[in-house]
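Grab a pencil and open the model in your viewer.

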Amino acid sequence: MRPDDIALVLLASGLSERFGRDKLMAEFRGRPLLTHAGRCLQGEQVAARLAVVGTSQTGRQALLRETGWMLVSNLAPETGQDDSLALGIAAAARTSCKAAIVLLADMPCVPDVHIRALCDLSDEARAVWTSAGEIDLPPVLFPANMFDALQGDDLRAAKSEARRTGLRLPLAPEFAQDVDTPEDLAALEARANV
């Protein structure tokens with residue numbers, strides 16, 4: 001599948017509860033953490049760039065608009081990631097995309113080559129999960145035939161089935177790190193400076 005068949009769905013409405021302040025606006029490698037995931041496939045044509053963000057997260061909104069994302073409002077970010085996922089998939093379903101790649105805004109090190117490889121591995125019928133060792137995690141590609149289930153009442157079961165039947169694309173652990181705490185961010189920054 002080509003990138004222009006794909007909607008990118010960036011989940012960026014988390015509350016940063018373990019970080020103590022807005023982690024996505026914290027500096028990493030000289031710019032806000034959010035801008036790293038926000039530059040995914042920046043120079044390439046994709047079907048849509050959809051960022052799920054809270055209505056009161058104005059700093060995030062401004063950064064995302066600057067890099068070409070269409071905002072999907074999450075009125076209740078406190079309800080968690082599954083609700084953000086459903087909102088993003090619903091927005092993707094309104095486009096002409098054949099699949100959506102779901103990204104997390106707090107994973108700043110995923111390289112574009114990995115995102116392109118997710119597209120290449122897609123067979124339009126199964127999800128393609130990133131795997132770091134034994135762990136399945138985003139970015140994940142969901143084909144359009146899964147969109148209804150991922151917006152439904154049993155989203156967790158739909159994700160579980162997509163994981164069971166899906167393909168896997170390995171990603172080295174140093175690229176699969178997410179940021180939950182200031183210590184996570186400091187460790188990533190230290191590795192970046194080695």
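Predicted model: local features only at pLDDT ≥ 70, side-chain atom pairs only at ≥ 80, totals over all residues.

**Exercise 1.** How many bridges join β7 to β9?

*Solution.* Residues are numbered from 1 along each chain as its sequence is written, and side-chain values use heavy atoms, with hydrogens and water left out.

Step 1: Strands (E, at least two residues) and helices (H or I, at least four) are DSSP runs, numbered from the N terminus. Two strands pair if DSSP finds at least two bridges between them.

Step 2: Now count: β7 and β9 are joined by four bridges, and the two strands run parallel.

Step 3: Pick out partners. Thr130 is bridged to Leu169 in β9, and Ser131 has Pro170 of β9 as its bridge partner.

**Exercise 2.** Find the place of β9 in its sheet.

*Solution.* Step 1: Write down the strand order, β5-β4-β1-β6-β8-β7-β9, which makes an open sheet of seven strands with mixed pairing.

Step 1: Look at the ends: β5 (70–74) and β9 (167–170) are the edge strands, and each pairs on one side only.

Step 2: Check the two faces of β9. Leu167 and Leu169 are on the covered face, while Arg168 and Pro170 are on the uncovered one.

**Exercise 3.** Describe the aromatic pair of Trp129 and Phe142.

*Solution.* Rings of Phe, Tyr and Trp (its six-membered ring) pair if their centres lie within 6.5 Å; planes under 30 degrees apart are stacked, over 60 edge-to-face, and the rest tilted.

Step 1: Read off the values: 5.7 Å centre to centre and 85 degrees between the planes, so Trp129 and Phe142 are edge-to-face.

Step 2: Trp129 lies in β7 (128–132) and Phe142 in β8 (135–143), so the pair ties together parts 13 residues apart in sequence.

Step 3: Buried or exposed? With relative accessible areas of 3% for Trp129 and 2% for Phe142, both are buried (under 20%; exposed is over 50%, partly exposed in between, with a 1.4 Å probe and protein chains only).
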